[in-house]
Amino acid sequence: MQSLALIENWPVPTAAAAVITADGAVAGTYGPTAHRFPLASVTKPLAAYAALVAYEEGAVELDEPAGPEGSTIRHLLAHTSGLAFDEHRATAPPGTRRLYSNAGFEVLGDHIAKATEIPFPEYARQAVLEPLGMTATTMDGSPAKDGVSTVDDLARFAAEVQVPRLLDPRTVLEAQTVVYPGLKGVLPGYGHQNPNDWGLGFEIRDSKSPHWTGTSSSPATFGHFGQSGTFLWIDPVAGAACVALTDRAFGPWATEVWPVLTDAVLKELA
């Protein structure tokens with residue numbers, strides 16, 4: 001895809017990317033797609049997918065208690081448990097505010113490890129990474145931010161989310177649908193958003209502005225970006241997904257070039 005050549009002008013040492021269509025085919029790639037990059041918060045969709053496998057296996061229920069008093073697994077996945085960003089303390093009642101929380105995903109990982117009697121990194125490997133052939137991906141450490149992966153592996157994940165084999169398609173549809181609609185909150189790096197919509201482990205674009213996806217991205221677009229200069233979006237209306245991984249921390253450079261790339265990819269697909 002010619003649009004991916006825009007990455008050549010990004011102010012980053014190393015970058016790789018891929019576009020994956022709704023049938024799971026790779027429409028184009030750029031850069032060293034087998035290079036392992038720290039994912040930062042792009043780890044969260046992988047962790048969420050593992051949590052949903054645990055749910056479908058019957059190890060947990062989405063509405064069982066987990067985290068602060070009154071919170072559930074659903075609250076943790078949707079960043080509405082009330083837990084602070086990086087501290088294991090409650091700062092709001094569950095379900096009242098969209099408080100983006102690494103701590104919430106760490107509580108989620110601990111909860112699933114206890115329920116399955118398998119350490120969460122190993123559970124994620126067995127439930128998601130191994131079945132999808134994501135052999136270059138590891139999720140040791142925090143399920144909120146310590147994943148390491150390649151564009152090749154995340155292309156496999158993007159194909160899975162668009163045409164699910166590990167999960168019932170209805171579960172994936174629920175994950176990309178707004179949970180607790182209408183909640184305000186801060187989208188890290190992009191400021192206050194009203195509403196700040198999320199599904200189960202995936203951020204949902206809706207009408208957010210500013211945003212890290214493109215101006216032509218559909219409101220149904222969902223995914224995640226990471227502070228290590230990484231993103232994964234899936235646009236069901238366009239019938240495609242895009243993964244981009246870099247080794248430069250998120251900053252003004254990313255807010256400038258990411259939407260331009262996304263718009264170019266969507267234009268070329270159309």
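This is a short talk through some features of one predicted protein model.

Hi everyone, and thanks for coming. Please keep in mind that we are looking at a predicted model. I'll take it piece by piece, and you can follow along on the structure.

Let's start with helix H4, which covers residues 120-129. Which residues of this helix are buried? They are Phe120, Tyr123, Ala124, Ala127, Val128 and Leu129. Now turn the model until you look down the axis of H4. From there, the buried residues fall within an arc of 160°, so they line one face of the helix. And what covers them? The cover includes helix H1 (43-56), helix H3 (102-116) and helix H5 (151-162).

Next, the aromatic rings. How many aromatic pairs does the structure hold? The number is 14. Take Phe85 and Tyr100 as an example: their ring centres are 6.1 Å apart and their planes meet at 25°, so this pair is stacked. Both residues sit in the loop between helix H2 (73-77) and H3, so the pair ties together parts that are 15 residues apart in sequence. Are these two buried or exposed? Phe85 has a relative accessibility of 42%, and that counts as partly exposed. Tyr100 has a relative accessible area of 11%, which makes it buried, because the cut-off for buried is under 20%.

Now put Phe231 and Trp258 on the screen. Their pair is edge-to-face, with 5.1 Å from centre to centre and 70° between the planes. Phe231 belongs to strand S9 (residues 230-235) and Trp258 to helix H7 (residues 252-269), so this pair ties together parts that are 27 residues apart in sequence. Phe231 is buried, and Trp258 is buried as well. Both are also members of one aromatic cluster, together with Trp10, Tyr190, Trp212, Phe225, Phe250 and Trp253.

One more ring before we move on, that of Phe105. The charged end of Lys44 sits over this ring, 6.0 Å from its centre.

That brings us to a charged residue, Glu106, which you will find in helix H3. Glu106 is buried, yet it has no salt bridge. How far away is the nearest side chain of opposite charge? That side chain is Lys145, and it is 4.6 Å away. Setting aside neighbours within four places in sequence, Glu106 is in contact with His88, Ser142, Pro143, Ala144 and Lys145.

Let's turn to the backbone. Most residues other than glycine have a negative phi, and most peptide bonds are trans. With that in mind, here are some places to look at.

The peptide bond from Asn194 to Pro195 is cis, with omega near 0°. Pro195 lies in the loop between strand S6 (191-193) and strand S7 (203-204). The bond from Ser209 to Pro210 is cis too, again with omega near 0°. You'll find Pro210 in the loop between S7 and strand S8 (222-226).

Now for phi. His79 is not a glycine, but its phi is positive, near 55°. His79 sits in the loop between H2 and H3, and at 2% relative accessibility it counts as buried. Tyr180 is not a glycine either, and its phi is positive at about 55°. Tyr180 is in the loop between helix H6 (169-175) and strand S5 (185-187). At 26% relative accessibility, Tyr180 counts as partly exposed.

With a relative accessible area of 9%, His75 is buried. Not counting residues up to four places away in sequence, His75 touches Gly70, Thr80, Ser81, Pro94, Gly95 and Tyr180.

Let me finish with Arg165, in the loop between H5 and H6. Is Arg165 buried or exposed? Its relative accessible area is 61%, so Arg165 is exposed. Beyond residues up to four places away in sequence, Arg165 touches Pro131, Leu132 and Glu160. If you also find Ser3, you can compare two distances: Arg165 and Ser3 are 162 residues apart in sequence and 30 Å apart in space, C-alpha to C-alpha.

Technical notes:
Residues numbered from 1 in each chain as written. Predicted model: local features only at pLDDT ≥ 70, side-chain atom pairs only at ≥ 80, totals over all residues. Heavy atoms only, no water. Buried < 20%, exposed > 50% of the residue type's maximum accessible area, 1.4 Å probe, protein only. Helix = DSSP H or I, 4+ residues; strand = E, 2+ residues; numbered from the N terminus. Arc of directions from axis to C-beta. Contact = heavy atoms within 4.5 Å. Phe/Tyr/Trp six-rings, centres within 6.5 Å; stacked < 30°, edge-to-face > 60°. Lys NZ or Arg CZ within 6 Å of the ring centre and 35° of its normal. Lys, Arg positive; Asp, Glu negative; His and termini not counted. Salt bridge = Lys/Arg side-chain N within 4 Å of Asp/Glu carboxyl O.
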